[in-house]
Amino acid sequence: MEKSLFTVVFVHLILKDVVAVDDTAPAYWNNHATVTLDRSLNLQELNKNRAKNVIFFLGDGMGISTVTAARILKGQIQGNTGEETVLSWERLPYASLSKTYNTNQQVPDSAGTATAFFCGVKSYAGAIGVDGTGTRGDCASSIDTKVPSVLVEAIAAGKSTGIISTARITHATPACTYAHVPDRNWESSIPFLEQSDGCTDIASQLIDNPEIQVVLGGGRREFLRNTDPDPEYDLSQGRRTDGRNLVDEWQEAHPEDSAYVWNQEQFEAVDPEKTDYLFGLFQPSHMQFEEARSSDIAGEPSIAEMTQKAIQILGKNDNGFFLVVEGGRIDHAHHASSAYNALHDTIAFEGAVQMALDMTNASDTLIVVTADHSHTMAIAGYQARGHDILG
């Protein structure tokens, strides 16, 4: 989505927390400083191994103030004052700031930024996997501007690949790993005047990339015909007007060792050892906010559960894997001015990062945690320590 100036990038190597006992005593801070300096000195011995696996975590709209508030909230949920809490990616030794913008906007959107970090080139707002020489919404101008993503190159290198998002799987961030269109809104259809110029919608391009082994998120409606009833909601149907049921097409393309799921029970029944291809669409649109997930009609997995299942499936490939995990609803909550949902979704996202850290080894796996932009969320000053971060 939108907003932003700075995002934080964290790269993987596991470190343990420094546990506070009495942080009012000088000895505590002296010891803390010694441990921190020792860690920094140990980093001089760089891990020069070539990464076999790469997991790219993206907290959409997860700026520095969001990380700070989520850290405090997590600690307060655990019964502490909160400020001393350390999030999973804050244990990682390498951090940097990333300056974000589009080629045509000072404040970027998630399409142009995802094109930058997945495809390696900055582009205009709304651009999905195309460079900045075209025009948004103009199919003809985009035909020769496609740029390949790191996911596509990982497939070419013989690696397994997967995409996870709590947003629609056709939404801006995940779409940039596999699709090429000049407008992020072309998720299941293209304007009539643009249809004759050779562009295809985002959902159909996902189905046309059958090598992607794990796809988990929301967006069921973008894959179903407008005459297909939604399996979970009686009054909902698909959005496609081209007569294609892309879920059926995916299943036909993967007749063996595969599973299509749309609820928690089906997801839990998937055996990673017997499954090479997994397609999960858990909502017609975006997945539930974390705090609403338990009340979902059919049930849906957490972002940590999806990450776990994906690593179990993709990790069977001796050549390694590339996995994208997006906490997409952090951004949506901020757009709705809901700090409560933004922070709880950030904590859920942090749980997914921890899951990946627990399941992998720094000797052969690179984990990157970042954001595409920030949001205008502020924390008022001079509260007492331990003050409820939600007010």
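This is a predicted model: local features need pLDDT of at least 70, side-chain atom pairs count only at pLDDT 80 or more; totals for chains, interfaces and linings use all residues.
1. Salt bridges overall. A search of the whole structure finds 18 salt bridges. Side chains of opposite charge can pair when their charged atoms come close.

2. Arg-168 and Glu-222. The side chains of these two residues form a salt bridge, with an N to O distance of 3.8 Å. Arg-168 belongs to strand β4 (residues 160–168), whereas Glu-222 sits in the loop between β5 (214–218) and α8 (246–253), so the pair ties together parts that are 54 residues apart in sequence. Both partners fall under the 20% cut-off for burial: Arg-168 is buried at a relative accessible area of 9%, and Glu-222 is buried at 2%.

3. Asp-228 and Arg-225. The closest N and O atoms of this salt bridge are 3.0 Å apart. Asp-228 is buried, its relative accessible area being 10%, while Arg-225 is partly exposed at 27%.

4. Asp-242 and Arg-240. Here the salt bridge has an N to O distance of 2.6 Å. Elsewhere, salt bridges that share partners link Asp-23, Glu-83, Glu-84 and Arg-385 in one network.

5. Thr-161. This residue is part of strand β4, the strand that also holds Arg-168. Thr-161 has 0% relative accessibility and therefore counts as buried. Neighbours within four places in sequence aside, Thr-161 is in contact with Leu-151, Ala-154, Ile-155, Glu-211, Ile-212, Gln-213, Val-214, Leu-314 and Phe-322. One of these contacts, Val-214, is a residue of β5 (214–218).

6. Geometry of helix α2. This helix comprises 14 residues (residues 64–77), and at 1.5 Å a residue it should span 20 Å. After α2 comes Gly-79, which has a positive phi, near 95°.

7. Burial of helix α2. The helix is mostly covered, with 11 of its 14 residues buried. Among the buried residues are Val-67, Ile-72 and Leu-73, and also the charged residues Arg-71 and Lys-74. The elements covering the buried residues of α2 include α11 (329–335) and α12 (339–359).

Methods: Residues are numbered from 1 along each chain as its sequence is written. Side-chain values use heavy atoms; hydrogens and water are left out. A salt bridge is a side-chain nitrogen of Lys or Arg within 4 Å of a carboxyl oxygen of Asp or Glu. Helices (H or I, at least four residues) and strands (E, at least two) are DSSP runs, numbered from the N terminus. Buried means under 20% relative accessible area, exposed over 50%, partly exposed in between (1.4 Å probe, protein chains only). Contact means heavy atoms within 4.5 Å. The expected span of a helix is 1.5 Å times one less than its number of residues.
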